[in-house]
Amino acid sequence: MKKNKKCSKCKITKNIIKFYLRPERRKGKGIRSICKSCDATRKSKYYSTEDGFMKKLFSSTKDRKVFSKRHISHSIDFTREEFFEMWKEYKKKYGMFCFYTGIPINFIKSSEHIRGNQVSVDRIDNDLDYTKNNIIFCSSKANFMKGSVTIDMCRKILALYEERQGIDKNNKIDTMKGHNQ
Ligand SMILES: [Zn+2]
């Protein structure tokens, strides 16, 4: 049995352990034509395209377990097709920008411990699951920051802010009515 094989991509002859086996359906031709390292390069290129990145984002969202006060679950109520539809709608409405911070978002995966500006899926209310009604796209960085902020905290911050700024909610509504007339 041959011990070495030439990679069809990088043209380097390598030991066959540097090649993946083909899936079983391709019996007879046991070893793939491109080597493991060329395969890794190909994969990482694909995952930094919009299509590859969003597919991966969907599958990691689908597999993610949600730990909340009340339960542990991993329920999503949308299909991959619906996920892509929501992303399309998001881009139409907000562009390629983080919902929370407005900074440009991208498909570049940053290294393990750094929260970058790549697209991520946030749960608006951290106590609820990844559902159509409860998700929004934002940067990974903003997602991480918001992870420890509850809806109740947001309400309190806003209420305090408005109080300190002397903003009267009822007044604001009246002004808006005035504009519409
Ligand atoms: Zn190769």
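Is Arg123 buried or exposed? Arg123 is buried, because 20 other C-beta atoms lie within 10 Å and the cut-off for a buried residue is 20 or more. The structure is a predicted model. Its protein chain holds 6 helices and 8 strands, and buried residues make up 13% of its 181 residues.

**Overall layout**
- Starting at the N terminus, the elements follow the order β-β-β-β-α-α-β-β-α-β-β-α-α-α.

**Strand S7 and its partner**
- Strand S7 covers residues 119-123, and strand S8 covers residues 135-139.
- These two strands, S7 and S8, pair in the antiparallel sense, with 5 bridges between them.
- Within this pairing, Val121 is placed opposite Phe137 of S8.
- S7 is mostly covered, with 5 of its 5 residues buried.
- The cover applies to both faces of S7: Val119, Val121 and Arg123 are buried on one side, and Ser120 and Asp122 are buried on the other.

**Arg123 and its surroundings**
- Arg123 belongs to strand S7.
- Apart from neighbours within four places in sequence, Arg123 is in contact with Leu128, Tyr130, Asn134 and Ile135.
- From C-alpha to C-alpha, Arg123 and Asn133 are 9.1 Å apart in space, and in sequence they are 10 residues apart.

**The largest nonpolar core**
- In soluble globular proteins, nonpolar side chains tend to be buried together.
- Here the largest nonpolar core consists of 10 residues: Ile76, Cys98, Ile105, Val119, Val121, Tyr130, Ile135, Phe137, Cys138 and Ala142.
- Strands S7 and S8 are the elements that each supply two or more residues to this core.
- S8 gives the largest share of the core, 3 residues.
- Cys98, one of the core residues, touches Ile103, Ile105, Cys138, Ser139 and Ala142, when residues up to four places away in sequence are not counted.

**Helix H5**
- Helix H5 takes in residues 151-164, which is 14 residues.
- At 1.5 Å a residue, H5 should span 20 Å, and this agrees with its end C-alpha atoms, which are 20 Å apart.
- After H5 comes Gly166, with a positive phi near 70°.

Technical notes:
Residues numbered from 1 in each chain as written. Predicted model: local features only at pLDDT ≥ 70, side-chain atom pairs only at ≥ 80, totals over all residues. Helix = DSSP H or I, 4+ residues; strand = E, 2+ residues; numbered from the N terminus. Buried ≥ 20, exposed ≤ 12 C-beta atoms within 10 Å, placed from the backbone. Expected span 1.5 Å × (residues − 1). Core = buried A, V, L, I, M, F, W, Y, C linked by C-beta atoms within 7 Å. Contact = placed C-beta atoms within 7 Å. Pairing = 2+ DSSP bridges.
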